[in-house]
Amino acid sequence: MCPRIFTLRNTLLIMTLVALSLLANAQTESTLYTFSETTSFWPQGGLLEDSAGNLYGTTRGGGTYGVGTVMELSPPAVSGGAWTLTTLYNFVPYGSGGYVPISDLVKDQAGAFYGTTFNGGDPICNCGVVYKLTPPATQGGAWTEQQLYAFTGNSDGRLPVAAALALTKSGTLYGVTMRGGTWDSGVIYQLTTKNGITYTESVLYSFGDLSDASTPSGPILLDSLGNLYGVTSLGGTFNQGTLYKFVPPTSGQLGTESILYSFGASTTTGSNPNGNLVFDAGGDIYGVTYGGGDATGDGVVYMLTPTKTTWTESILYSFSTNFGTNPIGGLSWNHKTKQLYGTTSSKNQHPAGDGTVFKLSPPAVKGGTWTQKTLFEFTYRVNGGYPTGTVTLDSNTGILYGTAQNGGVTGCDLFCGTIWQIANP
């Protein structure tokens with residue numbers, strides 16, 4: 001009798017420990033902040049995390065003048081407490097500094113932020129600006145916004161892409177616009193400075209001649225040699241978008257643009273790529289497309305592999321209605337586990353749902369099937385919806401952070417959006 005009791009007790013103990021372990025390792029979504037009409041709203045881009053765990057981003061609406069803000073979200077002093085939102089800067093409509101910020105932020109070594117706005121700047125064009133936001137000299141002081149360049153809508157481009165700028169150690173900024181240039185199909189531009197105060201804009205390339213790449217739809221990716229990579233939503237052989245490479249001019253040599261891959265070769269491949277790109281150690285490039293894939297055309301996660309003469313596309317996953325559709329924000333890469341993270345902008349299994357957070361895990365054997373897992377499904381009126389920004393991965397804790405552009409509690413008539421986290425993804 002005693003041995004049976006002992007065995008039963010041990011069995012129950014083991015089952016309890018296993019259950020607790022599974023619970024501890026299960027991914028948990030938390031809404032860190034819900035925006036409101038009285039503060040700021042509509043966070044469109046991704047978040048930037050500092051070493052103290054503070055999150056930085058932009059909202060394209062709200063603030064003092066209703067046209068967007070740069071904000072900071074700080075973690076609680078005590079675990080389980082409320083996160084604190086601080087508005088660092090309120091954009092001003094029809095001023096010289098631009099308004100309606102839509103890009104992710106990049107940060108230099110001095111703590112200044114750089115980004116773009118969709119509107120403002122040139123009073124005739126109202127085509128957006130590149131700005132710099134400098135922290136105060138003393139804690140609690142005002143941040144200073146500086147317009148680095150205002151687009152005119154001519155050969156210099158207009159309507160900068162809603163993505164982060166590329167910033168080099170020397171202070172040079174690279175970016176792309178969706179329109180403007182010789183063919184009104186967008187440009188690659190750079191901003192250079194000698195003193196960190198005055199900047200000069202140069203157009204490196206105009207997209208859109210014949211079957212060329214057209215309409216940039218993601219940020220610039222810099223490799224170790226200083227070459228630029230990006231995607232366009234249109235153009236290429238099938239006018240379904242491209243992956244392009246641009247080699248900047250050096251020593252009097254002209255810069256060169258080349259299309260590495262044209263999307264849309266068949267109904268099963270991806271089409272209309274967007275969002276950020278990630279490299280692996282072998283030189284493969286990973287990204288997402290808004291359309292293409294299976295018969296429903298709800299988008300894919302792809303890998304492009306270089307060969308001596310061309311690049312080959314592999315579809316790692318095709319999205320469907322039950323597991324989210326139409327990814328926009330691109331991918332984040334966990335270098336330790338080789339896993340990819342991203343969001344879909346719409347649909348999931350819930351009738352009121354609007355988007356998902358997903359994880360893709362590599363196969364155990366090269367060439368095998370990648371495994372998709374839906375980490376979270378948004379319910380629009382509860383925890384937000386329509387996530388369009390890149391997921392931020394904390395490399396130390398493994399926690400994912402992101403924004404949902406719309407949704408949140410029903411008390412916000414505009415459905416103002418949220419900031420969320422997922423633990424143990």
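**Aromatic pairs**

There are 22 aromatic pairs in the structure. Rings of Phe, Tyr and Trp (its six-membered ring) pair if their centres lie within 6.5 Å; planes under 30 degrees apart count as stacked, over 60 as edge-to-face and the rest as tilted. This is a predicted model, in which local features need pLDDT of at least 70 and side-chain atom pairs count only at pLDDT 80 or more, while totals for chains, interfaces and linings use all residues. Residues are numbered from 1 along each chain as its sequence is written, and side-chain values use heavy atoms, with hydrogens and water left out.

Let me begin with Phe151 and Tyr189. Their ring centres are 5.1 Å apart and their planes stand at 70°, so this pair is edge-to-face. Phe151 lies in the loop between strand 12 (144-150) and strand 13 (158-160), and Tyr189 in strand 16 (residues 187-193); the pair links distant parts of the chain, 38 residues apart. Strands (E, at least two residues) are DSSP runs, numbered from the N terminus. Phe151 is buried at 0% relative accessibility, where buried means under 20% relative accessible area, exposed over 50% and partly exposed in between (1.4 Å probe, protein chains only). Tyr189, at 1%, is buried.

I turn now to Phe263 and Tyr302. Their ring centres lie 5.1 Å apart with planes at 65°, so the pair is edge-to-face. Phe263 sits in the loop between strand 22 (256-262) and strand 23 (270-279), and Tyr302 in strand 25 (residues 300-306), so the pair ties together parts 39 residues apart in sequence. Phe263 is buried, at 0% relative accessible area, and Tyr302 is buried at 0%.

Finally, one aromatic cluster is formed by Tyr205, Phe207, Tyr244 and Phe246.

How values were computed
Helix = DSSP H or I, 4+ residues; strand = E, 2+ residues; numbered from the N terminus.
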